[in-house]
Amino acid sequence: ELRQETDYISGYQFKGGASFRLTEEWDIFANAGYVSKVPIFDQVINDVNGTKVEDPKNEKFVSFEAGVNSKLFQNQLTLKLNGYYTLWSDRAQSINVLNADGTDGLVRLDGINSTFAGIEIEAAYQPIQYVRFDAAFSQGFWTYTDDVSGEYIPDFSDPNSVEEYNYYIKDLKVGDAPQTQFVLSFTLFFPTGLQTQIAWRYYDNYYADFDPFSRTDENDKAQVWKVPSYDIFDLHALYRIPGEVAGLDVSVFGHVFNLFNELY
């Protein structure tokens, strides 16, 4: 499969993928894509004074993914394994700042590059009709790949009042999401249409979201703060009401997240 999609303001993308069945139990797949995305409005027009950024660049995504799927032991065991790599380049970011004299200023970064690579594994084992075990694991390696330059505009009314800065973010971890995740769950299926599941979730390598505009010291290579690892239990229930309600199949769901009320 190969697709090209183009919008009316010169963004475009190419995507392709293929899969191949090795045996009745195993198949492999691969996908690749290239996306050139038009920057959002806030990265092109300063909505305070209406000035326009000259020659804004499209954000670009290059992505690859490959993996295997299998169904073993007469479909009792299902396995999925894949690896991925994405390069996100030419990302722009801006933030309004308050100057020391109380006036408003603007800081803008161009050309932020980051990589997102990792592996993901899923397994499900259902030895009998009424019991299923599930497991999932993912490990990410997400980092900023380059230092970047930026502009500080201290005076909104004068777009030419520009001061150049360098921001040292190379090799810092991308924050705001755990890069290591592990999930185990146990599900019971009852003949009455009721099913219940208890799930254990574990998170690690969770780096704080941080302000890249604060990294102006080339000697400051310290990694951003990492949230301590933690785990949580959840309880889920589903009941399929027998028959139909107004001609429709109806299911009722119930969830208790953070079952033991842990505080982190």
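Trainee: What is Tyr-167 in contact with, leaving aside its neighbours within four places in sequence?
Mentor: This is a predicted model, to begin with. In it, Tyr-167 contacts Val-107, Leu-109, Asp-147, Val-148, Ser-149, Gly-150, Pro-212, Phe-213, Arg-215 and Thr-216.

Trainee: How many residues does the largest nonpolar core have, and which have the most contacts inside it?
Mentor: The largest nonpolar core has 17 residues. Those with the most contacts inside it are Leu-109, Ile-112, Tyr-144, Val-148, Tyr-167, Ile-169 and Phe-210.

Trainee: Which strands each supply at least two residues of this core?
Mentor: Strands S6 (104-128), S7 (131-144) and S8 (148-153) each do. S6 gives the largest share, four residues.

Trainee: Staying with S6, is Thr-115 buried or exposed?
Mentor: Thr-115, found in strand S6, is buried, because its relative accessible area is 11% and the cut-off for buried is under 20%.

Trainee: And what does Thr-115 touch, not counting residues up to four places away in sequence?
Mentor: Tyr-85, Thr-86 and Leu-87, along with Phe-141, Trp-142, Thr-143 and Thr-145.

Trainee: Now Asn-96. Where does it lie, and is it buried or exposed?
Mentor: Asn-96 lies in strand S5, residues 77-98. Asn-96 counts as exposed because its relative accessible area is 52%, and exposed means over 50%.

Trainee: Zooming out, how many helices and strands does the protein chain have?
Mentor: Zero helices and 14 strands.

Trainee: What radius of gyration does the protein chain have?
Mentor: The protein chain has 25 Å, whereas a compact globule of 264 residues would have a value near 18 Å. The C-alpha trace spans about 70 × 50 × 45 Å along its principal axes.

Trainee: What share of the residues is buried?
Mentor: Of the 264 residues, 30% count as buried. The protein chain exposes about 16,500 Å², and carbon and sulfur atoms supply 57% of that.

Trainee: What about contacts between residues at least 6 apart in sequence; what share joins residues at least 24 apart?
Mentor: That share is 59%.

Trainee: Last topic, charges. How many positive and negative side chains are there?
Mentor: There are 19 positive and 39 negative side chains in the protein chain. The centres of the two sets lie 7 Å apart.

Technical notes: Residues are numbered from 1 along each chain as its sequence is written. This is a predicted model: local features need pLDDT of at least 70, side-chain atom pairs count only at pLDDT 80 or more; totals for chains, interfaces and linings use all residues. Side-chain values use heavy atoms; hydrogens and water are left out. The radius of gyration is taken over C-alpha atoms; the globule rule is 2.2 Å times the number of residues to the power 0.38. Buried means under 20% relative accessible area, exposed over 50%, partly exposed in between (1.4 Å probe, protein chains only). Contact means heavy atoms within 4.5 Å. Accessible areas come from the Shrake-Rupley method with a 1.4 Å probe; for residues, only the protein chains shown count as cover. Lys and Arg count as positive and Asp and Glu as negative; His and the chain ends are not counted. The place of a charge is taken as NZ of Lys, CZ of Arg, CG of Asp or CD of Glu. A nonpolar core is a set of buried Ala, Val, Leu, Ile, Met, Phe, Trp, Tyr and Cys residues joined through side-chain atoms within 4.5 Å.
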